[in-house]
Amino acid sequence: MADNLPSEFDVIVIGTGLPESIIAAACSRSGQRVLHVDSRSYYGGNWASFSFSGLLSWLKEHQENSDIVNECPAWQEKILENEEAIALSRTDKTIQHVEVFCYASQDLHEDVEEAGALQKNHASVTSVNSTKAADSACLPTEDESLSTTSCEIHTEQTPSSDPERPLEVNDVQVTGEKENDCDDKTCVPSTAKKETSENVPVAEDTAEQPKKNRITYSQIIKEGRRFNIDLVSKLLYSRGLLIDLLIKSNVSRYAEFKNITRILAFREGRVKQVPCSRADVFNSKQLTMVEKRMLMKFLTFCMEYEEHPDEYKDFEEITFSEYLKTQKLTPNLQYFVLHSIAMTSETGSSTIDGLKATKNFLHCLGRYGNTPFLFPLYGQGELPQCFCRMCAVFGGIYCLRHSVQCLVVDKESGKCKAIIDQYGQRIISKHFLVEDSYLSENTCSHVQYRQISRAVLITDRSVLKTDSDQQISILTVPAEEPGTFAVRVIELCSSTMTCMKGSYLVHLTCTSSKTAREDLEPVVQKLFTPYTETEIENEEVEKPRLLWGLYFNMRDSSDVSRNSYNDLPSNVYVCSGPDCALGNDNAVKQAEALFQQICPNEDFCPPPPNPEDIILDGDSLQPEASESSALPEANSETPKESSNLRNPEEPSE
């Protein structure tokens, strides 16, 4: 039981965000005794994904701003004379300015509930002009919260079953049968979504309805478990640090991924597709033959720009935007390179930064598809859970809904020696990792946080219609006014398992200059039109219709220096929440740096041992074998095989 945990660990991790989960997995893999706790009822913290009703419950929880769990009234009495306590925060203050809008027809009847839900959900949604979220949404039970995200383990895979394919990257075209079939895969026990999805009415009826039939709010509620809505919107660079870590540690076997199929640009009021690969460039009908040659020549130079310093040395002091004007590129090509390939602003990056970003983009092309990016099926919230699963495989102990009241500090040594949890139990440890949101106002009184503006939209079709309705797109809308920031738009289709059929899930993200709605609503108005009753007869609406929208600001603690926190002991390490960047490199770098402080002589998330090499005879037990002998079937690849992994597109010799 959670109220009777072991009294001593090597590492205690508070918070289940991505950096904390990676560190917990790395420590557990290196033989440390790890306790991983979270006061929330779900994994991931601000990295989590929710079903639709789960998101409404999350909104209600933040709007009520109540304590996450009840406080143990007598924890202060457990502090000895030679000790002092650092109290932790009991409320999450990382989310602000929450505003919800529903544009879909609200024909919600009392008998409508989320298909496959464990309890009836009498959820109400605000009207278009309201700013309060569903007050009557039920708080999720533990099973519901865990079912909002799930990973798949291919237990039938053997060491020789395809060692050359480190990541399960699915084709974009996914049939309805594949989306709802679990026969050939083992569903992870800690999640309930896929177990219930077999009994859930398939959303094919929605896709097969006549075009005049509109998606209503009751349909969204009924198909709510088809949604996996990320709190933070990111993609994985195919040659980024996180992909390398997933492959190296074999954690990639716990998840599946989709290719991002299109890079889009917003220019002159229209959405256009950006050609990235060589094939895209020469097949593009938007570019003239001269432009194609210009673009290919410039992109070829960017791939090897470091070998030709004379070409850019004189332009190091100017912005990348100004540098592009000196090259033989048309305004159209300059726009594509700046905003959709380098993904930088006109004033925010130097020539060197722009060239590095362009090279990184091109370097990631072709590894798993025609774009540099991957997206995890069932949402970004899968990734923390994958690393939590690795930690558990090697002996880590997990407790959700388990609050820590305070850190106990020894006055003489100045180091943290224990925690006191919500049951009043004192748990001793050598090292403590705390996610920033758990620190109290007293500890963070001198910290200056940035903010991220986020919007989540449900729409009826893509921002750029094509023959296929299963497109996954990224679009950058540049800033128009001084002091504002470019907005990143990621559009997900139903084959990503993040939304119901016939709909799209759209994420907007930018660095905050005002509230999320003030930052992002102008872009929403450019790309979408409200789903109003007056447009029922007009099927040829130019813009996608907006069914439902959510705006909120999220704290960005990624650039906070440790010295900004007040009186933290040297063995207490702080992990930041999500940053505003597109990739996950910051989380991986942070996790590796903190792990090296805890275990300076250990390898960071090494490949798992080969089950065939594990010796169960106690007289000749190998050091590594003892860590995983209890669960040898969870690791299928040998270190040798992992080190020799090749890209899927590379031919075998």
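Reader: Is the crossing of helix 10 and helix 12 left-handed or right-handed?

Author: The crossing of helix 10 and helix 12 is right-handed; a crossing is right-handed if the near helix is turned clockwise from the far one by less than a right angle, and left-handed if anticlockwise. Do keep in mind that this is a predicted model, where local features need pLDDT of at least 70, side-chain atom pairs count only at pLDDT 80 or more, and totals for chains, interfaces and linings use all residues. Residues are numbered from 1 along each chain as its sequence is written, and side-chain values use heavy atoms, leaving out hydrogens and water.

Reader: Which residues make the contact?

Author: Helix 10 brings E291, M294, L295, F298 and L299, and helix 12 brings N332, L333, V337 and I341; contact means heavy atoms within 4.5 Å.

Reader: How is such a pair of packed helices described?

Author: Two packed helices are described by the angle between their axes and the distance between the axes. Here, helix 10 (residues 289-303) and helix 12 (residues 331-341) pack at about 40°, with axes 10 Å apart.

Reader: How exposed is D567?

Author: D567 has 71% relative accessibility and counts as exposed, which means over 50%, with buried under 20% and partly exposed in between (1.4 Å probe, protein chains only). H97, at 43%, counts as partly exposed.

Terms used. Axes fitted to C-alpha atoms, helices over the stretch in contact; angles between N-to-C directions. Helix = DSSP H or I, 4+ residues; strand = E, 2+ residues; numbered from the N terminus.
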